[in-house]
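Biologist: Hey, I've just opened this one and I'm new to it. Can you walk me through it?
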Amino acid sequence: MEYFLALMIVLLQFSGVWLRYLPFAKTVTVVQRRKLVQLAVSWGILAFAIYAAIMSMDDGEVLRFKLLVAFGWVPFFLISYYCIPRDFVQHLYVLGMQSLFAVLLHTISGFVVGAVLSADYGERMHMLAIISCYLVLFTLLIPLERRWFSTLVLAQRFFQFRHLGLYIALMPLMVLFAYALPWLDGQLYHSVPERVGRLALPIFFFLIFRLVFKAAHQMSEHMMEIGRNNMLAQQLYSLREYTRLTEERRQTLRVLRHDMRHYTRLLSALLDSGRIREAKELVEKQAAELERTTIREFCANDLINATLSIYHYHLGNLEIPLQQKISLPKEMSGMDTDVAIVLSNLLENALHASMKQPVINREVKVSAQYEGGRFVLSVANRFEEPLLLDRDGLPYNEEPGQGVGMISLRAFIRKYKAQCNFCQQDGWVTVTLNWHGED
């Protein structure tokens with residue numbers, strides 16, 4: 001009988017491994033899945049021998065059985081965490097929800113077996129029947145389990161923030177431990193009120209937590225829509241600003257052309273009278289005026305050049321030095337709009353961050369290079385305060401309404417499978433984007 005119990009407990013743990021795998025199934029590679037299966041099966045064989053030896057001991061049979069069921073998942077959970085490289089907080093959340101679901105099935109199985117099987121059959125037969133009933137229920141509910149656990153992690157965004165993600169992950173575990181620990185005794189069946197409460201609490205928790213996550217998902221979608229609207233607004237702003245700068249230069253040029261006849265007469269008079277120094281000063285003044293009418297060419301691509309021209313103008317008005325090193329192709333296979341938007345957001349962030357620094361510590365550096373089929377874009381600015389990074393390594397602001405600009409950066413990273421790195425060193429914050437493209 002102990003071998004049957006050990007085998008059933010191992011199968012019970014395998015069901016938990018499968019449920020905890022489902023939320024990550026869409027992003028798990030074939031190699032990771034194969035490794036998970038191999039390690040889980042290998043440990044399952046070893047666990048079978050350990051469980052059989054433990055169940056063969058004398059005294060406290062029910063307590064040993066409960067302890068194996070309650071804590072036998074730990075090695076399997078660690079194997080899943082090792083094979084599926086996701087944030088530990090997400091694994092904790094999935095573990096908590098799977099454990100509550102397991103408690104629900106165990107409670108139902110206890111009701112069924114306690115009502116059907118006579119007490120004369122002994123505790124071992126009851127324990128074996130409970131696990132067998134659990135596995136039957138688990139098998140019958142596979143379509144529902146697949147559907148529910150596959151969408152368990154609805155809003156990945158909420159796990160990217162340290163405090164919020166940890167709070168979400170620990171909620172199911174706290175509910176579980178709050179009323180599961182008293183069950184670890186030598187009694188196989190508790191009173192009916194206790195079992196009813198054990199049955200009701202997971203159901204209520206699932207419903208409430210699911211409702212909360214649905215609302216969170218809707219809020220995430222709303223934030224994405226805001227991000228898309230902001231990107232459109234950014235495009236319109238860039239177009240309007242570039243048009244304004246162009247018109248400003250044209251107006252200045254009109255004035256210069258209007259004053260050209262007066263200028264030539266004055267220059268001629270200065271030369272005729274031998275006032276060479278004053279004539280040179282007049283020429284230099286006129287050259288400076290002409291320089292103001294030109295729009296500086298930073299890049300061969302029109303959209304990127306317009307973006308850099310706008311922020312060169314704004315940073316110059318704020319007396320923030322801008323160093324730039326740009327080498328991008330004129331044609332960028334349709335990605336120039338996305339690059340212009342993400343560059344605009346990064347420069348806007350750099351501008352606001354620079355304004356928080358002392359005047360002598362304000363500076364921005366931009367580099368954009370294309371070589372060998374890869375693009376590398378980096379923006380750096382001075383910033384002394386500690387930078388807050390989420391679990392994806394991207395900066396965030398805990399103040400309400402902040403951080404919307406990062407939505408376009410995340411969208412760019414997903415769309416072009418770009419590698420993004422934020423680092424803070426020696427008073428400089430640098431973001432570097434690296435992605436593949438064709439000129």
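This is a predicted model: local features need pLDDT of at least 70, side-chain atom pairs count only at pLDDT 80 or more; totals for chains, interfaces and linings use all residues.

Biologist: Which residues have the most contacts inside the largest nonpolar core?

Modeller: Those are Y51 and F65, in a core of 54 residues.

Biologist: And which elements give two or more residues to this core?

Modeller: Quite a list: α1 (2-21), α2 (30-55), α3, α4, α5 (88-116), α6 (123-140), α7 (142-150) and α8 (162-180).

Biologist: Where does the largest share come from?

Modeller: From α5, which puts in 12 residues.

Biologist: What about the second, separate core, how many residues does it have?

Modeller: That one has 41 residues, including I310, A368, I413 and F422.

Biologist: Which helices supply at least two residues each?

Modeller: α3 (61-71) and α4 (73-83) do. The most comes from α3, with three residues.

Biologist: Where does V74 sit?

Modeller: V74 is in helix α4.

Biologist: Why does V74 count as partly exposed?

Modeller: Because its relative accessible area is 31%, and partly exposed means between the 20% limit for buried and the 50% limit for exposed.

Conventions:
Residues are numbered from 1 along each chain as its sequence is written. Side-chain values use heavy atoms; hydrogens and water are left out. Helices (H or I, at least four residues) and strands (E, at least two) are DSSP runs, numbered from the N terminus. Buried means under 20% relative accessible area, exposed over 50%, partly exposed in between (1.4 Å probe, protein chains only). A nonpolar core is a set of buried Ala, Val, Leu, Ile, Met, Phe, Trp, Tyr and Cys residues joined through side-chain atoms within 4.5 Å.
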